[in-house]
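Please open the model in your viewer and keep the selection panel at hand.

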Amino acid sequence: MTTATLARLARRGLQTATHAPPPPPPPMMGMGAMSSMGRKPRPEGDIGSVFASLSGEEAAVLPARFRDLKRAIINDADKAALTASWGRLTTRLARAADEIEGAQQAAVPTVAYDDLIHADAGTIAKIKRAGALVLTDVVPRAEAEQWLAETEDYIKANPQVKGFPADDKQVFEVYWSKPQLAARAHPRSMAAQRALLSLFAGTPTASVSLSSPLTYADRLRIRHPGDSRFALGPHMDGGSIERWEDATYRSVYADILAGRWEAFDAFSEIEARAAAKQNMYDGAGACGIFRAFQGWTSLSDTGPGEGTLRVYPLIREQTAYTLLRPLFRELKSRAEVGHEAYLAPENWVLDTESTAFPGAPPARSQEFNDDTHPHLQLSRAMVSIPRVRPGDQAWWHADTIHAVESTHTGKGPSAVMYIPAVPMTPVNAEYVRDQAVGLRAAVPPPDFPGGQGERGFTGTGGEADVPAGGRAAMGLEPFALDGSAAERAAREQANAIFGFAK
Ligand SMILES: [Fe+2]
């Protein structure tokens, strides 16, 4: 594919763009198209403009330099070790599909708030194995129900609000309602974020703090019974091709790419993850921060089949397969040899010839289906998370393959506020600093489709509505300088980025 074709594809992803198309892709691997500074405003729109799975885009052939990238990765490794590891992995995935299909919701751990805060080794192991969990009893049920009532009132009072789909709005371009400000700063929610961040091993350093989470302002969803339009297919956020192309990002997966996927620890390398370039092609749906866990807080009683989250609940296996998949190609097609022989290790060889990175087009999320990633057996191995009640939370690791149930067959709203767990890093603090400008002006945060947002709405929350315990995490006041020396240094750095003098 030519550079012009790539640029055209990128433009197609920005259908509502009113500004110039993004710059052409960088000529060399490892060079980002954008720096973290110089954030440019996003065009107006809704969530439908940012997901390839909602846009029906076809796969495109990547330019030749992606073959060079693949060759470089393969040549860096011991080829025999890589091939042997693929065999072990695909065998494991076949067993995993059986296990997950048998376990269904039990494949995703349900952990009570107190058991996370005082987690024992068994609980930690369960969470680390799955890479996803339902966390119960975080916010009192009555409080979460009150948030939903207030949110519905806010939406009713402001019928001009944007949302997806436009004729039956369910994912709202709402970032600054008072209940969202309260939910993001809820002390038990912030404690849960700290506990989840602490699962990422590592010595505290001056650049990453896991004990001072920052707050990311995101949308909210109130899905209606019967809806089948807000259906996101299996995907992984945090970029697509960047996982291979950016050398820092790639280093997170060094064990996998060296043929040692069993040694891969999804909860290490926090520094590299935090410094990785997740957005080299100015993706319309890209996230400007590093979220160690994505998550949402439920405002409703929602079980499987009721429009909830689906995940592949084995983080090591699915990440290993995602990273190894482009390095291998099939010898014979499924149509030629049938399902089992198609998946068998002997039907797959190292691919140093094609430019294919299945499901990983530049400027899009990494996506998965039975053609691009057949060994995952997604139709069996993606499971809906266990039932949640108002005040419970769903959490999934940055690399978890996730989807949204295609149809909501329940009777009530399936309502969530998206609130992730964000470590304190310089890049994240810069984003939070810029995000605060959005709060003050009642316009969308930098990552989201731009425009007038909630400006002129009735009842929008403002700076004064952010509760005391959550103000520093929003960049509205400096962090107290206490804790270990490394923690103090990280906080001092964030305070300086926020613009607070020493
Ligand atoms: Fe996602």
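Select glutamate 99 first: its relative accessible area of 35% makes the residue partly exposed, a class lying between buried (under 20%) and exposed (over 50%), with a 1.4 Å probe and protein chains only. The model is predicted, so local features need pLDDT of at least 70 and side-chain atom pairs count only at pLDDT 80 or more, while totals for chains, interfaces and linings use all residues. Residues are numbered from 1 along each chain as its sequence is written, and side-chain values use heavy atoms, with hydrogens and water left out.

Glutamate 99 and arginine 95 form a salt bridge, their closest N and O atoms being 4.0 Å apart; the term denotes a side-chain nitrogen of Lys or Arg within 4 Å of a carboxyl oxygen of Asp or Glu. Both residues belong to helix H4 (residues 79-103), 4 residues apart, or about one turn of the helix. Helices (H or I, at least four residues) and strands (E, at least two) are DSSP runs, numbered from the N terminus.

Next, select aspartate 482 and arginine 491, a salt bridge with closest N and O atoms 2.6 Å apart. Aspartate 482 is partly exposed at 42%, whereas arginine 491 is buried at 13%. Elsewhere, salt bridges that share partners join Arg92, Arg95, Glu99, Arg129 and Glu317 into one network.

Move on to glutamate 245 and arginine 65, whose side chains meet in a salt bridge at 3.0 Å, N to O. This pair links distant parts of the chain, with glutamate 245 in helix H10 (residues 242-245) and arginine 65 in helix H3 (residues 65-76), 180 residues apart. Glutamate 245 is buried at 1%, while arginine 65 is partly exposed at 21%. The whole structure holds 28 salt bridges.

Which residues coordinate the iron ion? Select His235 (NE2), Asp237 (OD) and His402 (NE2), which lie at 2.1 to 2.2 Å. Donors are N, O and S atoms within 2.8 Å of the metal (3.2 Å for Na, K and Ca); water is not among the atoms, so sites may look incomplete. Along the chain, the donors follow the spacing H-x1-D-x164-H. Histidine 235 in strand E7 (residues 235-236) and histidine 402 in strand E15 (residues 402-404) are 167 residues apart and link distant parts of the chain. Histidine 235 is buried at 2%, and histidine 402 is buried at 4%.

Finally, select lysine 277, in the loop between helix H13 (270-275) and strand E8 (293-298). Lysine 277 is partly exposed at 33%.
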